Amino acid sequence: MTKTIYPTLLQQKASGKKSFAVLIDPDKITLPQIDVLVELSLQAKVDYFFVGGSLVISYQLDEIIQAIKSRCDIPVILFPGSSSQVSKYADALLYLSLISGRNPELLIGQHVISAPMVKQSGLEIMSTGYMVIDGGAPTTVSYISNATPIPADKNEIAMCTAMAGEMLGMKLIYMDAGSGAKTPITEGMIKKVSSVVDVPIIIGGGIKDPEKAYLNGKAGADIIVVGNAIEKDPNLIAELSAAIHSSNITV
Ligand code: 1GP
């Protein structure tokens with residue numbers, strides 16, 4: 001499989017182009033719902049599908065990804081909540097290390113266990129410094145990861161964490177307030193972090209409306225991820241996509 005997603009992300013960043021990723025939790029979607037979601041995403045020119053969840057219970061990961069791939073060419077990127085969530089049918093994998101936490105299992109332990117399987121998958125592997133930011137309420141990710149999130153107003157901690165991740169060789173930084181966060185990450189924090197790292201920045205967690213998505217793009221997010229709000233109202237996809245793409249920065 002040709003590994004083109006990361007080079008594309010770098011090009012998009014260099015040209016100031018912002019991307020929209022729709023997050024699909026394989027536990028919360030049925031095959032018939034995929035038809036609707038894919039159709040709306042194609043119409044709205046969604047850039048990526050992220051697939052994953054903190055807890056994947058239903059074991060239908062392969063099936064869901066195959067269903068998406070058979071319906072469209074939108075790249076599918078795995079956003080795994082654990083090392084068991086690897087599917088060779090996807091295009092790429094966010095190889096997450098929870099750099100905001102101090103839980104060795106999620107920094108390196110799980111990676112060691114799953115490395116042979118991940119390598120054999122043939123997926124495009126994108127090492128990602130994953131930073132959980134306090135979103136105002138305990139989320140599944142903060143509970144499962146057993147790690148304290150970065151306080152929402154501690155921009156310096158976020159900046160130093162992201163810088164360290166980049167210097168350790170991580171190709172992406174993902175700042176996440178957690179699925180269904182009460183308070184999404186502030187534009188102030190996004191701006192600060194994007195001023196100190198060069199790698200593309202992914203922002204997600206608690207984004208419910210096009211305005212916030214637009215402001216995140218303007219603040220320096222390269223990929224904006226929305227899951228929960230779309231599960232509640234799939235028709236939001238069009239507005240979110242238009243807002244994010246209109247936040248492109250001409251460079
Ligand atoms: C969560 O970043 C994602 O890990 C998306 O969050 O479901 O709140 O949009 P939402």
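Helix H1 (residues 5–14) supplies the largest share of the lining of the largest cavity, namely 3 residues, where helices (H or I, at least four residues) and strands (E, at least two) are DSSP runs numbered from the N terminus. The structure is a predicted model, in which local features need pLDDT of at least 70 and side-chain atom pairs count only at pLDDT 80 or more, whereas totals for chains, interfaces and linings use all residues. Residues are numbered from 1 along each chain as its sequence is written, and side-chain values use heavy atoms, with hydrogens and water left out.

A search of the whole structure returns 1 cavity of 30 Å³ or more, and the largest cavity holds about 30 Å³ of space. A cavity is here a set of points, on a 1 Å grid over the protein atoms alone, where a 1.4 Å probe fits but cannot get out, and lining residues have an atom within 4 Å of a point; the volume is the space filled by probe spheres set on the points, which are joined across faces, edges and corners. The lining consists of Leu9, Gln12, Lys13, Lys17, Ser19, Asp222 and Ile223. By class, it comprises 2 nonpolar, 2 polar and 3 charged residues, with Ala, Val, Leu, Ile, Met, Phe, Trp, Tyr, Cys and Pro counted as nonpolar, Asp, Glu, Lys and Arg as charged, and the others, Gly among them, as polar.

Salt bridges, each defined as a side-chain nitrogen of Lys or Arg within 4 Å of a carboxyl oxygen of Asp or Glu, number 7 in the model. One of them joins the side chains of Asp222 and Lys13 at 2.8 Å, N to O, linking distant parts of the chain, since Asp222 lies in the loop between helix H8 (210–219) and strand S8 (223–226) and Lys13 in helix H1, 209 residues apart. Asp222 is buried, with a relative accessible area of 7%, while Lys13 is partly exposed at 22% (buried means under 20% relative accessible area, exposed over 50%, partly exposed in between, with a 1.4 Å probe and protein chains only). Salt bridges that share partners join Lys13, Lys18 and Asp222 into one network.

A further salt bridge pairs Arg71 with Asp35 at 2.4 Å, N to O, and it connects helix H3 (residues 61–71), which holds Arg71, to helix H2 (residues 31–44), which holds Asp35, across 36 residues. Arg71 is partly exposed at 34% relative accessibility, as is Asp35 at 40%.

Key
1 Å grid on protein atoms, 1.4 Å probe; cavity = no way out; pocket = protein on both sides within 12 Å on 5 of 7 lines; lining within 4 Å.
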